[in-house]
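Welcome! Let's take a friendly walk through this structure together, one part at a time.

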Amino acid sequence: MDPRLAEMREAWHAKASLRALYADYYRRIGETLAAGRTLEVGAGFGNLKHFDPATISIDVLAAPGLDAMADAQRLPFAAGSFANIVMVDVLHHIERPLDFFHEAARVLRPGGRLALLEPAITPISWAFYHFLHPEPVDCGADPMTAEAPDPDRDAFDANQAIPTLLFGRCGARFRAAFPELAIVSQTRLSLFAYPLSGGYRQWSLIPRPLIRPVLACEDALLPILGPAMAFRMLVVLERQ
Ligand SMILES: C[S@@+](CC[C@H](N)C(=O)[O-])C[C@H]1O[C@@H](n2cnc3c(N)ncnc32)[C@H](O)[C@@H]1O
């Protein structure tokens, strides 16, 4: 197992606050999905399976419990074989995101859903991600332009700005390029609980019992504070 996935798995088992936070993410994602088979792409060590054992989980890296090792840019499934695709913190790691969207459109059945939970770049989250997070945030990139594949690319190479760019500044170009993937919703999430939890780091500044009440406060505050400080976004697309 890749040592980075092993480290994530260790944090997952050690941190009740992290599991509570992801339970809330998975609940929100679950509410957006269509009836039928779900594929998780970039499943890491397979934590979504703890919540929904019927999920088919794949990742470009090997890990125990996953159903297959496969690249999001070349999905080894027949056309129309899934009702849903879920990705949590994966789109911003994919070298050629447009290749992934072509594949997602192919393997989803009509009416199927693609749910993406990703970093959102807002003024405050930008400062946090830029100064306190190891993954780069390049807001000058153009994710609608396909780069030549890099043979030395690592699965954890990233640009955290990609989802914000694709569904923000590049939104019109995205919709023109993928008319078969209609954007059903685009929601800002995560104000305090996620950054205070430390994510998959060993530390947490928020105890498990506070996660639920803080998330309830966030829901009330997101319409006001979201544009300035949301740390995450949930984007849901539907196969036409
Ligand atoms: C930040 S981790 C997220 C893991 C998991 N989804 C979670 O939320 O715990 C990003 C994952 O994306 C995977 N990944 C990166 N590029 C990929 C690709 N082209 N195809 C499939 N998985 C990929 C990595 O191997 C890694 O497991």
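How many residues surround the ligand, and which are the closest? Keep in mind as you look that this is a predicted model. In it, 19 residues surround the ligand, and the closest are Gly42, Gly44, Val60, Ala72 and Ala155. Sorted by class, this shell holds eleven nonpolar, five polar and three charged residues.

Now turn to the sheet. Strands of a sheet pair through backbone hydrogen bonds, either parallel or antiparallel. Here seven strands form an open sheet with mixed pairing, and their order is β3-β2-β1-β4-β5-β7-β6. The edges belong to β3 (68-69) and β6, each with a single partner strand, so one side of each is left without a neighbour in the sheet. For β6, eight bridges join it to strand β7 (residues 232-239), and the two run antiparallel. You can find one of these pairings by looking for Leu181, whose bridge partner in β7 is Arg239.

Next comes helix α4 (residues 97-107), whose buried residues are Pro97, Phe100, Phe101, Ala104 and Val107. Look down the axis of α4 and these buried residues fall within an arc of 135 degrees, so they line one face of the helix. What covers them includes β4 (82-88), β5 (108-119), α6 (162-166) and β6 (181-189).

Ala104 also leads us to the largest nonpolar core, which has 55 residues. The members that touch the most others are Ile85, Met87, Ala104, Leu114, Ala115 and Leu234. Helix α2 (residues 16-30) supplies the largest share of this core, six residues. As for Ile85, leaving aside its neighbours within four places in sequence, its contacts are Leu39, Val41, Ala104, Leu108 and Leu114.

Technical notes. Residues numbered from 1 in each chain as written. Predicted model: local features only at pLDDT ≥ 70, side-chain atom pairs only at ≥ 80, totals over all residues. Buried ≥ 20, exposed ≤ 12 C-beta atoms within 10 Å, placed from the backbone. Helix = DSSP H or I, 4+ residues; strand = E, 2+ residues; numbered from the N terminus. Arc of directions from axis to C-beta. Contact = placed C-beta atoms within 7 Å. Core = buried A, V, L, I, M, F, W, Y, C linked by C-beta atoms within 7 Å. Near = placed C-beta within 6 Å. Nonpolar A, V, L, I, M, F, W, Y, C, P; charged D, E, K, R; others polar. Pairing = 2+ DSSP bridges.
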